[in-house]
Amino acid sequence: MPQAIGYAAKHSFSRLRPMTFQCDDPKAGEVEIEVLFCGVCHSDIHQAKNEWGNTVYPCMPGHEIVGRVARVGGSVTRHKVGDVVGVGCMIDSCRACEPCRAGEQQYCEGPNSWLATYNGPMVPAAKSPDGQNHYGRDNTFGGYATRIVVAEDFVLKIPAALKPEVAAPILCAGVTTYSPLRYWKVKAGDKVGVIGFGGLGDMAAKLAKAMGAEVTVFTRTEEKKKEAARLGVSCVPESDKDAMKALKNSFDFMLSTVPEKHDVNPYVQMLKRNATLAVVGALEPLAPENNMERAMHRKSVAGSLIGSIAETQEVLDFCAEHGIGPDIQVIPIQEINDAYRKVERGDVRFRYVIDIASLRA
Ligand code: NDP
Ligand code: ZN
Ligand code: ZN
């Protein structure tokens, strides 16, 4: 087994620090990827800090991974050594349940659900022919590391038109916003509202615009007006109560990317009849909703989780075709703890991407 190095948190209040670990050899159907870049998603921070209450330590985050195929196991046909490839939030799923058979692995109903790229259980039977866990750890390690081994079906092809560092955030921020835009059938001429203008919000605005929608972003940060103007989308600060009220019954679809519990009622008011507000940000209970408002106009408040493997490939290809991608700031991994603080303060435009070369230096 080769050695790899990554950055991990040892407990919920520790900084991420370098850590060496045993990496798998690629088995049949698996590819070994030398990681080049990894995006910093707000979920990494929730997980590293145990904000969802399910973190197993040490926790090595990273699920917006782009790298180069270093080795392939037997029977691999989709990827070859040297290909530039991507890995998102999932590295496997049960493959047998109804959602998996329908190609919606992110809604896997198998006994262990889908296998998360990091903080997922090391399922011994799936990891080793003798059913034993030889890795000296209980959970999967993500992309803040020099290498990762993944089942080939869960590895995406990075289009040549996308720079690898720009492609990285598309593997989570991109697909998490693309999937609901497609599911709720956003089309040219629709009015789309995006709540929270961060890593996901930036991608949501760009994707919806590329689909022909008229986009408005809602922000608590007035200075982001200039970034919105640069994208060619409208921007409403949440503090502008008159502008908020004036948008009653205006939107065909809204997407909330706010990472904390927040009051969705003002946004439900803004939906048109029959329209949906999908919440992808907060996993906490939503503030009490006004059901009268929903009932009177048959409005929905829904959730949505990342996107399928097919949708992940689709959104990568869509971004390449439309010449769009996230706004990124590339950092060496040694700056990761500072980057976490800045993401929490909303002080990034719009996604940090770690250059993994800094781990090899
Ligand atoms: P970012 O921190 O990059 O962006 C979130 C934005 O929300 C901020 O930039 C800020 O924008 C706004 N915001 C409003 N209130 C707060 C607050 N109290 N604290 C921080 N930000 C706030 O996060 P991401 O875009 O990476 O992720 C957003 C959320 O989506 C996270 O909770 C993440 O875990 C979740 N997520 C969910 C997925 C799913 O499958 N459902 C997949 C991926 C991520 P502004 O300044 O414009 O107000
Ligand atoms: Zn993510
Ligand atoms: Zn399944």
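A crossing of two helices counts as left-handed if the near helix is turned anticlockwise from the far one by less than a right angle, and as right-handed if clockwise. By that rule, α5 and α6 cross in a right-handed way; helices here are DSSP runs (H or I, at least four residues) numbered from the N terminus. This is a predicted model, in which local features need pLDDT of at least 70 and side-chain atom pairs count only at pLDDT 80 or more, while totals for chains, interfaces and linings use all residues. Residues are numbered from 1 along each chain as its sequence is written, and ligands are numbered from 1 in the order in which they are written.

Helix α5 covers residues 173–183 and α6 residues 199–210, and the two pack at about 45° with axes 8 Å apart. Axes are lines fitted to C-alpha atoms over the stretch in contact, and angles run from 0 to 180 degrees between N-to-C directions. That angle makes α5 oblique to α6, the label left over once angles under 35 degrees (roughly parallel), over 145 (roughly antiparallel) and 65 to 115 (roughly perpendicular) are taken out.

Turning to the ligand, His42, Gly196, Gly198, Thr219 and Pro259 come nearest among the 27 residues around ligand 1, where near means a C-beta atom, placed from the backbone, within 6 Å. Helices α1 (42–48), α5 and α6 each supply at least two residues of this shell. Domain 1 (3–171 + 326–360) and domain 2 (173–303) each give at least three, with bounds from an automatic or database domain assignment. The C-alpha centres of domain 1 and domain 2 lie 28 Å apart.
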